[in-house]
Amino acid sequence: MARDGVAMIITLAQKQVIRRSWELVVPIADTAADLFYKRLFEIEPEARTLFSEDMAPQKKKLLAMLAFIVKSLDWPDETWRQPVHADDDLFLVVLALGRRHADLYHVRDASYDSVGAALLWTLDYGLGEAFTAEVRDAWTRVFGLLATTMKMGKCAVGDGSVVARPATARREVSGS
Amino acid sequence: MSETSVVMRGSLDEFSLADVLQVIGMSRQYTAVQLQTDDGREYGTVWIKAGRVIGARSSSAQGRHAFVDLFGPGAAVFVVHRLPEPKAYPDPLGPLNTMLMEAIEAATAPRKVVPLPPPPVKALQRPRPSRAASTAPPPPPPRVVGATATSTAQSGIAVAIASPKGGVGKTTITLNLAFSLAQRGVRTLVVDADINGDVMSLLAARDRVERGAYDILGSPHELPSVIRSTVIPELSILPACGPNLPALATARRSLADEWGALLAEARRMAALVLVDCPAGMFDVTADVLASCTHAVGVLQSELVASRSSAMLERGIAAIPAERRPRLLGVVVNMFQGRSEASLEAFHAITSADAAPLFETTIPRSEAFAEACLGGVPVRFARQRGQAPPVSWLFDMLATEVCDRTGLGGPATERAIGSFVA
């Protein structure tokens, strides 16, 4: 059995840290997306071949997904019994995204480390002094959880009824 | 969704069970994670919804113990099922994060080397624990006692409230937490093990006490005649001692056996026994800890207290394994958001790789002094004619304690039931 650890546990306080720090990113979102891909291609140049020449749609997808992630982490605790549509469920959406990355783009597990490093670098650069150790820790945990979920995408079974992008993200992208 | 469907299937060689559960904990779907052996036999199953463990089953147990069992060797494959939403959910066993940490700690405990502090000088003067004490069977596992349980045949749990340093607010936490638990319907008995700054002094009722815990150590059958009731039907108090200082209160020997017998009797009378320990992790506190099923640590959000926080776990680790209570978590008390020193201490405590913290943090507040002046729990203090906001934090803390122990039912459902009747 693989070694057990709890490095990805996210507390309620850390969810609030994620939400508050994201609120600081929103006004500079386009710049942040530029920085993210610039840094990603510096760390892993071969990743550039996975994307088309025009990166604008991809940047919109990235921002929509990040917004979805932040929103999905932030729900009132007392509503835990309420059903949530599969297309709005963070786990199912990210699992499907990971499955697509594995099946269609043959993304290696190691590439998730590059994506994580680029994301933290972007937040550090974009947030400046607001990128405290607390913020870094919260985003590191969230990204660790999401990357593990995406890696598990290759274990996903079923008819893929959950699309790879959340309903909200699809609306934002199609409306743009 | 009306039917069960398989979402994911994989090998535990590639992904650890903790990773699988943490990922599933992110989902708000009703999900079952089934573990199978190499030859396809079921090893166990855990049901999860929105970060809560709804149920667990292993080959030999159900509930919280089964959840721990799942981390043992033998499982090879995980299968994740998405389930239809039921009409109603049972009370969860607990938050997934908390149960995960406890299960992994339990699974790795035999290999964990905990450095023990040097024995305190006083301990050298104390006789070694008797053979009967050292070979005593482990305390029974905590029972899940419902909020309305009334049978005295059932044994409740005993939770020691302890801290390495004095003056951090153990008595205040004990009293107000007990109040909130009792308000939830959990039959709660506060046992005062601290003769230095006792609960009855906090309640301005010291002069009304005739006898207390130290007077009946060694004769626990006298417990019912010494317990004091309160205006809250579900809350009662066993004071520390009467007007005269009993000889056992100053005894320089281990009282582990006496405390064990007294608290066993107390657990027969209440679903939850909260024991307010003296400052420090040794001497009387060690005796009480060895007689309790669980412990809660209290740390003050202040630098000296935060620097002594490691002693909390060391003190518990020094209890013989067969009598060691389970540490439910640590409450940070007297937090001051405007004080840099308090903030620094808070960060030091929360970032330490130590015991699990409770989500609820108690701030420093004038309301506690006002409550002490009136000799009441802080809920009865008044600020601008209303119960002080800080008093409601103890309801949140009580919820966390219930989640972590499996005690009690949802307060709101119970209240609505009473209202309709």
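Trainee: How much of chain A is buried?
Mentor: Of its 176 residues, 34% are buried. Buried means 20 or more other C-beta atoms within 10 Å of the residue's own; exposed means 12 or fewer, partly exposed is in between, and C-beta atoms are placed from the backbone. Keep in mind that this is a predicted model: local features need pLDDT of at least 70, side-chain atom pairs count only at pLDDT 80 or more, and totals for chains, interfaces and linings use all residues. Residues are numbered from 1 along each chain as its sequence is written, with chains lettered from A and ligands numbered from 1 in the order in which they are written.

Trainee: How many helices and strands does chain A have?
Mentor: Chain A has 7 helices and 0 strands. These are DSSP runs numbered from the N terminus: H or I with at least four residues for helices, E with at least two for strands.

Trainee: Let's take α5(A). How far does it reach?
Mentor: Helix α5 of chain A covers residues 111–127, so to speak 17 residues, and reaches 24 Å from first C-alpha to last. That is close to the expected 24 Å, taken as 1.5 Å times one less than the number of residues.

Trainee: Which of its residues are buried?
Mentor: In α5(A), they are Ser111(A), Val115(A), Ala118(A), Leu119(A), Thr122(A) and Leu123(A). They cover an arc of only 135° around the axis, so they sit on the same side of α5(A). The arc is taken from the directions from the helix axis to the C-beta atoms.

Trainee: And what do they pack against?
Mentor: The buried residues of α5(A) pack against α2 (29–43) and α6 (133–151) of chain A. Contact here means C-beta atoms, placed from the backbone, within 7 Å.

Trainee: What follows α5(A)?
Mentor: Gly128(A), with a positive phi near 60°.

Trainee: Now the largest nonpolar core. Which residues touch the most other members?
Mentor: Val159(B), Val273(B) and Val275(B), out of 83 residues. A core is a set of buried Ala, Val, Leu, Ile, Met, Phe, Trp, Tyr and Cys residues joined through C-beta atoms within 7 Å. Apart from it lies another core of 71 residues, including Leu40(A) and Phe67(B).

Trainee: What about strand β12(B), how many of its residues are buried?
Mentor: In β12 (residues 294–300) of chain B, 7 of 7 are buried. His294(B), Val296(B), Val298(B) and Gln300(B) point one way, and Ala295(B), Gly297(B) and Leu299(B) the other.

Trainee: Which strands are joined to it?
Mentor: β7 (residues 157–162) of chain B joins β12(B) by 4 bridges, running parallel. β13 (residues 326–335) of chain B joins β12(B) by 7 bridges, also parallel. Strands pair if DSSP finds at least two bridges between them. Ala160(B) stands opposite Ala295(B), and Leu299(B) has Val332(B) as its bridge partner.

Trainee: Last one. What is the phi of Ala50(B)?
Mentor: About 50°, positive although Ala50(B) is not a glycine. Ala50(B) lies in the loop between β3 (42–49) and β4 (52–58) of chain B. With 23 C-beta neighbours inside 10 Å, Ala50(B) counts as buried.

Technical notes: Two residues are in contact if their C-beta atoms, placed from the backbone, lie within 7 Å.
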